[in-house]
Every structure is written in structure tokens, then in C-alpha cells.
Amino acid sequence: MGADDKIQNAGEKLAGKSKEAAGKLTGNEKLEAEGKMDQSKSDLKSAGEKVKDAFKKD
């Protein structure tokens, strides 16, 4: 996993957390759900990159 990918995934996760928090504050359930979904996408991308890295080392 390259540094650029790590930074991008961290940024996406942070944006998701921000959306989730904004949704909670405003009572906007749709925005809150979008934030949670963005965080999940970021986690999946990170997991996929870790798997690819594991196979590259062998």
C-alpha cells in the first residue's frame, strides 16, 4: 500500500466521520448513513490494499 493510498483512505475515513457527525447534529439520518458508508468503503479499500501488499512480499 503506497503512502498516497494510505493518505487518501485516511482522508475518506475522516470525511465519513465528519458526515456522520454532521448528520447526528442536524438529525439528518441520510447524511449520517452516508458518513458510515464512506467509512466502511475506506476500511474495505484499506483491507484490500493490505491483502495486495501481503501477496507482493511473497
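Which side chains meet in a salt bridge at 3.3 Å, N to O? They are those of Glu49 and Lys52, where a salt bridge is a side-chain nitrogen of Lys or Arg within 4 Å of a carboxyl oxygen of Asp or Glu. This is a predicted model, in which local features need pLDDT of at least 70, side-chain atom pairs count only at pLDDT 80 or more, and totals for chains, interfaces and linings use all residues. Residues are numbered from 1 along each chain as its sequence is written, and side-chain values use heavy atoms, with hydrogens and water left out.

**Overall shape**

- The protein has two helices and zero strands; helices (H or I, at least four residues) and strands (E, at least two) are DSSP runs, numbered from the N terminus.
- Its radius of gyration is 14 Å, while a compact globule of 58 residues would have one near 10 Å (taken over C-alpha atoms; the globule rule is 2.2 Å times the number of residues to the power 0.38).
- Along the principal axes, the C-alpha atoms fill a box of roughly 50 × 15 × 10 Å.
- Buried residues make up 22% of the 58 residues (buried means under 20% relative accessible area, exposed over 50%, partly exposed in between, with a 1.4 Å probe and protein chains only).
- Of the contacts between residues at least 6 apart in sequence, 41% join residues at least 24 apart; contact means heavy atoms within 4.5 Å.

**The annotated domain**

- An unreviewed UniProt entry places the feature "domain: CsbD-like" at residues 5–57; UniProt positions are given in the numbering used here, feature names are shortened, and annotations may be inferred rather than shown by experiment.
- Over residues 5–57 the chain is 96% helix and 0% strand, with the end C-alpha atoms 18 Å apart.

**Helix H1 and what covers it**

- Helix H1 (residues 3–26) has 24 residues and reaches 35 Å from its first C-alpha to its last, close to the 34 Å expected at 1.5 Å a residue (the expected span is 1.5 Å times one less than the number of residues).
- Asn9, Gly16, Glu20 and Gly23 are buried in H1, and what covers the buried residues of this helix includes H2.

- Gly35 has its place in helix H2 and is buried, with a relative accessible area of 0%.
- Leaving aside residues up to four places away in sequence, Gly35 touches Gly16, Lys19 and Glu20.
- Glu32 is also found in helix H2 (residues 29–57), and counts as buried at 18% relative accessibility.
- With residues up to four places away in sequence again left out, Glu32 touches Lys19, Glu20, Gly23 and Lys24.

**Salt bridges**

- By this rule the count comes to seven salt bridges.
- Asp43 pairs with Lys13, their closest N and O atoms being 2.8 Å apart; this links distant parts of the chain, with Asp43 in helix H2 and Lys13 in helix H1, 30 residues apart.
- Asp43 is partly exposed at 38% relative accessible area, and Lys13 is partly exposed at 29%.
- Glu32 forms a salt bridge with Lys36, with the closest N and O atoms 3.8 Å apart; being four residues apart in helix H2, Glu32 and Lys36 are separated by about one helical turn.
- Glu49 and Lys52 both lie in helix H2, three residues apart; Glu49 is buried at 16% relative accessible area, whereas Lys52 counts as partly exposed at 45%.
- An α-helix has 3.6 residues a turn, so residues three or four places apart point the same way.
- Lys19, Glu34 and Asp38 are linked in a network of salt bridges.
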